[in-house]
Amino acid sequence: EAIAFECARECINDMIGICSSEIADEEEQAHPDQAKIAELEARSFALAMERSNLTLKDKKQIAKVRTEYGAWIRNYRNQS
């Protein structure tokens, strides 16, 4: 259970890192899309809150994070 919990937290950390990277990429554009940046910042904040609220006892949420975010991260990495 503890390993699954830590894996879920790492998935969320990775998602936050991806948001940060996408924000930086957008900010480097000649005409940054401020709406996109705001959306990514909101997503990053929501992920941080999700990570903060995740508990070891929340097995369903842990499984959901690992499954959904894990798949998204793998897809993102494969496209990068």
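Author: Contact between residues, as used below, means heavy atoms within 4.5 Å. The structure is a predicted model, in which local features need pLDDT of at least 70 and side-chain atom pairs count only at pLDDT 80 or more, while totals for chains, interfaces and linings use all residues. Residues are numbered from 1 along each chain as its sequence is written, and side-chain values use heavy atoms, with hydrogens and water left out.

Reader: Which pattern does the protein chain follow along the sequence?

Author: Helices (H or I, at least four residues) and strands (E, at least two) are DSSP runs, numbered from the N terminus. The secondary structure of the chain consists of 3 helices and 0 strands. Read along the sequence, the pattern is therefore α-α-α.

Reader: What percentage of the residues of the protein chain count as buried?

Author: Buried means under 20% relative accessible area, exposed means over 50%, and partly exposed lies in between (1.4 Å probe, protein chains only). The C-alpha atoms fill a box of roughly 45 × 25 × 15 Å along the principal axes. Of the 80 residues in the chain, the share that counts as buried is 28%.

Reader: What percentage of the contacts with a separation of 6 or more comes from residues 24 or more positions apart?

Author: The figure concerns contacts in the protein chain whose separation is 6 or more. Among these contacts, residues 24 or more positions apart account for 73%.

Reader: Are α1 and α2 roughly parallel or roughly antiparallel to each other?

Author: Axes are lines fitted to C-alpha atoms, for helices over the stretch in contact, and angles run from 0 to 180 degrees between N-to-C directions. Angles under 35 degrees count as roughly parallel, over 145 as roughly antiparallel, 65 to 115 as roughly perpendicular and the rest as oblique. Helix α2 (residues 34-53) packs with α1 at an angle of about 165°, with the axes 9 Å apart. The two helices are therefore roughly antiparallel.

Reader: How many charged residues has the contact of α1 with α2?

Author: On the α1 side, the residues that meet α2 include Arg9, Glu22, Glu26 and Glu27. On the α2 side, they include Lys36, Ile37, Arg43 and Arg51. For classes, Ala, Val, Leu, Ile, Met, Phe, Trp, Tyr, Cys and Pro count as nonpolar, Asp, Glu, Lys and Arg as charged, and the others, Gly among them, as polar. Beside 9 nonpolar and 2 polar residues, the number of charged ones is 9.

Reader: Is glutamate 26 buried or exposed?

Author: Glutamate 26 is found in helix α1. Not counting residues up to four places away in sequence, glutamate 26 touches His31, Pro32, Asp33, Lys36 and Ile37. Because its relative accessible area is 11%, glutamate 26 is buried.

Reader: What distance separates the C-alpha atoms of isoleucine 37 and isoleucine 23?

Author: Isoleucine 37 lies in helix α2 and, at 4% relative accessibility, counts as buried. Apart from residues up to four places away in sequence, isoleucine 37 touches Ile23, Glu26, Glu27 and Pro32. Isoleucine 37 and isoleucine 23 are 14 residues apart in sequence, and their C-alpha separation in space is 5.6 Å.

Reader: How many nonpolar residues are in the contact of α1 with α3?

Author: Helix α1 (residues 2-27) and helix α3 (residues 59-79) pack at an angle of about 40°, with their axes 9 Å apart, and are therefore oblique to each other. The contact includes Phe5, Cys11, Ile12 and Ile18 of α1, together with Ile62, Val65, Trp72 and Tyr76 of α3. Alongside 2 polar and 4 charged residues, the nonpolar ones number 14.

Reader: Which residues does tyrosine 76 contact beyond its neighbours within four places in sequence?

Author: Tyrosine 76 has its place in helix α3. With 18% relative accessibility, tyrosine 76 counts as buried. Leaving aside neighbours within four places in sequence, the residues in contact with tyrosine 76 are Ile18, Ser21 and Glu22.

Reader: Which residues of α3 meet α2?

Author: Helices α2 and α3 pack at an angle of about 145°, and their axes are 13 Å apart. From α2, the residues taking part are Arg43, Leu47 and Glu50. Those that they meet in α3 are Gln61, Val65 and Tyr69.

Reader: Does glutamine 79 count as buried or exposed?

Author: Glutamine 79 is found in helix α3. Because its relative accessibility is 62%, glutamine 79 counts as exposed.
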